Amino acid sequence: MKLISLMGNSQMLDAGSMFGNAPKALWSRWVEVDEFNRMQIACRCLLAKDFHGKNILFETGIGAFFEPKLKSRFGINEDDHVLLNSLAQHDLKHTDIDIVVLSHLHFDHAGGLLSKWQDGKEPELLFTNAQYLVSSDHWQRAVDPHPRDRASFIPQLNKLLMDSGRLQLVIGSTHELLPEVRFDYSNGHTPSMMHAIIKNDVVFCADLIPGKPWVHVPISMGYDRFPELLIDEKSQFLVDHHKNNRKLFFTHDPDFAIADITYENGRYSTINEIKFFNQEY
Ligand SMILES: [Zn+2]
């Protein structure tokens, strides 16, 4: 089997929001911004190709389902559904995916489940042969969100997932469909966000650590629901995965798909960063 990083649609997002309470004087050392103070954000997915005879996709990115006004509000760069083009580069169609694993259902992680926007047409659910794996507790949040994060979910997606008959709610650290994948959970970004640990080697950070700058423990996002909890969870996460020599997989970092963890002078960072990950196991 192969683990392959795939680019989905990308966004331009307000850099201040991405760095929470960190001042611009600090984060401007790490990222560049445009004239609107927006930084480049990737929506990267991870494909496990021919894993026990199945094709498994970890996340789908933001996709291209937003109508033009919202597309521009959320700074989405491309018109095409980029993930579908990335899959095609590996000779796969969305119908070839057997399992889609969603860390959580915020639109920049699950929007790619939907077909691209067309005037006068409701978006359709893609990956029509796949089982969709979502944490059971997170599903409860998605169908009954708090006013503070309601805008991060896609109400029509919940209904499509339910009606598909292929939604699998995950409880605990394993799932029968996915041997050699273990699940961990964090609650600081959103309740019950699911982190897949694949072949005990690669861990899907999701929005606990969206990219390299957020490996530094005190740095959180303005979008995080419970920042202090997130910092505690991130500390434990880094201790554990560093000790076990696992690689971090980043969804939102525009430059790096994957990296090893280092710990020097009391500070976590990364080494051996790779932009496009493609590894045979
Ligand atoms: Zn999120």
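The protein chain in this predicted model holds 8 helices and 15 strands. Let's begin with its overall build. A compact globule of 281 residues would have a radius of gyration near 19 Å, and the protein chain, at 18 Å, agrees with that. Along the principal axes, its C-alpha atoms fill a box of roughly 50 × 45 × 35 Å. Of the 281 residues, 45% are buried. If you look at contacts between residues at least 6 apart in sequence, 68% of them join residues at least 24 apart.

Strands of a sheet pair through backbone hydrogen bonds, either parallel or antiparallel.

You can walk through this sheet pair by pair. Strand 4 (residues 44–51) and strand 5 (residues 54–58) run antiparallel and are joined by 4 bridges; here Phe51 has Lys54 of strand 5 as its bridge partner. Strand 5 then pairs with strand 6 in the parallel sense over 3 bridges, and Phe58 stands opposite Val101 in strand 6. On to strand 7: strand 6 pairs with strand 7 in the parallel sense too, over 4 bridges, and Val101 has Leu133 in strand 7 as its bridge partner.

Which residues of helix 6 (residues 136–143) are buried? They are His138, Trp139, Arg141 and Ala142. Seen down the axis of helix 6, these buried residues fall within an arc of 160 degrees, so they line one face of the helix. Their cover includes strand 7 (131–135), helix 7 (155–164), strand 8 (167–170) and strand 10 (193–198).

The other sheet to look at is also open, with 6 strands in the order 9-10-11-12-13-14 and mixed pairing. Its edge strands, each pairing on one side only, are strand 9 (181–186) and strand 14 (267–274). Neighbouring strands of this sheet are turned by 35 degrees against each other on average, direction ignored. Within the sheet, strand 12 (residues 247–249) and strand 13 (residues 258–264) run antiparallel, joined by 2 bridges. Leu248 stands opposite Ala259 in strand 13.

This sheet has its own helix. Helix 8 lies across strand 9, strand 11, strand 12, strand 13 and strand 14, and runs at about 100 degrees to strand 13. Glu228 is found in helix 8. Is Glu228 buried or exposed? A residue with 12 or fewer other C-beta atoms within 10 Å is exposed, and Glu228 counts as exposed because it has 10 such neighbours. Glu228 and Gly188 are 40 residues apart in sequence, yet their C-alpha atoms are 7.4 Å apart in space.

Pro218 sits in the loop between strand 11 (202–204) and helix 8 (227–243). Pro218 is partly exposed, with 14 other C-beta atoms within 10 Å. Between Pro218 and Asn9 there are 209 residues of separation in sequence and 28 Å in space, C-alpha to C-alpha.

Finally, let's turn to the interior. In soluble globular proteins, nonpolar side chains tend to be buried together. Here the largest nonpolar core has 81 residues, and those with the most contacts inside it are Val100, Cys205, Leu248 and Phe249. Strand 4 contributes the largest share of this core, 5 residues. As for Cys205, not counting residues up to four places away in sequence, it touches His195, Leu248, Phe249 and Phe250.

Notes. Residues are numbered from 1 along each chain as its sequence is written. This is a predicted model: local features need pLDDT of at least 70, side-chain atom pairs count only at pLDDT 80 or more; totals for chains, interfaces and linings use all residues. A residue is buried if 20 or more other C-beta atoms lie within 10 Å of its own, exposed if 12 or fewer, and partly exposed in between; C-beta atoms are placed from the backbone. The arc is that of the directions from the helix axis to the C-beta atoms. Two residues are in contact if their C-beta atoms, placed from the backbone, lie within 7 Å. Two strands pair if DSSP finds at least two bridges between them. Axes are lines fitted to C-alpha atoms, for helices over the stretch in contact, and angles run from 0 to 180 degrees between N-to-C directions. The radius of gyration is taken over C-alpha atoms; the globule rule is 2.2 Å times the number of residues to the power 0.38. A nonpolar core is a set of buried Ala, Val, Leu, Ile, Met, Phe, Trp, Tyr and Cys residues joined through C-beta atoms within 7 Å.
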